[in-house]
Amino acid sequence: MPTFTDLPDLAAERLGGAVLIANDEFFAPKESLLHAGPAIWKEGEYTDRGKWMDGWETRRRREPGHDWCIVRLGLPGRIHGVVVDTSFFRGNFPESCAVEAATVTGPHTPEALADERRTKWVTVLDRSPLRGDAKNEFAIDSAPGATHLRLSIFPDGGVARLRVHGEAAYPDGRFRPGSEVDLAALENGGLAITCSDMFFGNRHNLIQPGRSTHMGDGWETKRRRGPGHDWIVVRLAHRGTIHRVEVDTDYFKGNAPATCAVETIDDEAAWRTTDAPESDKWQGLLPQSSLLPHARLQWDKLSHTKPATHARLAIYPDGGIARLRLFGMPV
């Protein structure tokens, strides 16, 4: 059964996530907490304050209380779980942690967010023990939608990385009537639910914002040695009609698929979950079409304009796709 770590990291820096304020960051800066990629170790490297550590680390507390930092999520959403990673913090990791969430509208200074009288924080993870040099995973059930998180560590210490996995969730009415939108985009609320394989590249890369930056920044399957083909299912950000498809094989020069096709389905019940539609009612939107390596291709002559909640991209027989864009109108 899929776990919450299969969902996107809503706090990722590339999506706009940021650590806004911390009560202390004496040994290591708060910004490192959200850096992409795993933490690293530098043997024998020191700063004028102590051992260089790849993470957020506070000084040793000599009075009552605990340390904390506030994170702005890159995408507002429903949190399904957090990973508090203490990699390389062996004798200096916190004893425990807790997580609170808040929904904030409009611009607020970091100091205002930290003011208990101005920000309503709701506990989504009670104080929980941590292990050192480990990825501490905590599933969260029934968390409200949030724009910000407060991570508290007890009483002090260091955390290498924080990952906040969940579903992007926006207020209804965020799309302007009659305006074109990428219905697949993660930043709009799209979600890559499942795929046949993602041996070389994670499925969530397919709908990330912007162009890919290298071959590892796309969705890529292993080399297929038997019959069949690979595929991926995307839950659209909003039920809508798709009128233009874009498939980008940027950086995939010797491993792009030969062809691709797109199907859609209109299943509002499945759209309200993270499950893939279980139906034989998929309808062809883009017939099997040739692809080129390291190229961005678009099609606007599609087979239908019916409303859809999900899209399925098939690639033949295997390979890598950098980005999928499904432009259309919300309905």
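Which element gives the most to the lining of the largest pocket? In this predicted model, strand β11 does so, with three residues. Residues are numbered from 1 along each chain as its sequence is written, and side-chain values use heavy atoms, with hydrogens and water left out.

A few words on method may be welcome before the pocket itself. Rolling a probe the size of a water molecule over the atoms shows where empty space is left. On a 1 Å grid over the protein atoms alone, a cavity is a set of points where a 1.4 Å probe fits but cannot get out, whereas a pocket is an open set with protein on both sides within 12 Å along at least five of seven lines. Lining residues have an atom within 4 Å of a point. Points are joined across faces, edges and corners, and a volume is the space filled by probe spheres set on them. Strands (E, at least two residues) and helices (H or I, at least four) are DSSP runs, numbered from the N terminus.

The largest pocket holds about 830 Å³ of space. Its lining comprises 30 residues, and Asp9, Ala36, Gly37, Arg163 and His165 lie nearest the centre. Two or more lining residues come from each of β5 (67-85), β8 (135-139) and β11 (161-168). By class, the lining of this pocket has ten nonpolar, nine polar and eleven charged residues; here Ala, Val, Leu, Ile, Met, Phe, Trp, Tyr, Cys and Pro count as nonpolar, Asp, Glu, Lys and Arg as charged, and the others, Gly among them, as polar.

One cavity of 30 Å³ or more was found, and the largest cavity has a volume of about 30 Å³. Val71, Val82, Val99, Leu149, Arg150, Leu151 and Leu162 line the largest cavity, with β5 and β9 (145-154) each giving two or more residues. The greatest contribution, three residues, is that of β9. The cavity lining divides into six nonpolar residues, no polar ones and one charged.

Strand β11 also holds arginine 161. This arginine counts as buried because its relative accessibility is 3%, where buried means under 20% relative accessible area, exposed over 50%, and partly exposed in between (1.4 Å probe, protein chains only). Its side chain makes a polar contact of 2.9 Å with the side chain of aspartate 54 and reaches the backbone oxygen of histidine 35 at 3.2 Å. A polar contact is a pair of N or O atoms within 3.5 Å; within protein, one must be able to donate a hydrogen and the other to accept it, and residues adjacent in sequence count only if both atoms are side-chain atoms. Beyond neighbours within four places in sequence, the contacts of arginine 161 (heavy atoms within 4.5 Å) include Ser32, Leu33, Gly37, Asp54 and Val84.

The largest nonpolar core has 36 residues, and those with the most contacts inside it are Val245 and Leu313. Such a core is a set of buried Ala, Val, Leu, Ile, Met, Phe, Trp, Tyr and Cys residues joined through side-chain atoms within 4.5 Å. Strand β15 (230-248) is among the elements that give two or more residues to this core, and β15 supplies the largest share, seven residues. Another core, of 28 residues, lies apart from it, with Ala11, Leu33, Trp56 and Ala146 among its members.

Several loop residues complete the picture. Glutamate 63, between β4 (56-57) and β5, is partly exposed because its relative accessible area is 46%. The side chain of glutamate 63 makes a polar contact with that of arginine 61 (3.2 Å). Glutamate 63 and proline 155 are 92 residues apart in sequence, yet 9.4 Å apart in space, C-alpha to C-alpha. Proline 155, in the loop between β9 and β10 (158-159), is joined to phenylalanine 154 by a cis peptide bond with omega of about -15 degrees. A cis bond also joins tyrosine 316 and proline 317, with omega of about -10 degrees. Although not a glycine, serine 142 has a positive phi of about 60 degrees; serine 142 lies in the loop between β8 and β9 and is exposed, at 77% relative accessible area.

Methods
This is a predicted model: local features need pLDDT of at least 70, side-chain atom pairs count only at pLDDT 80 or more; totals for chains, interfaces and linings use all residues.
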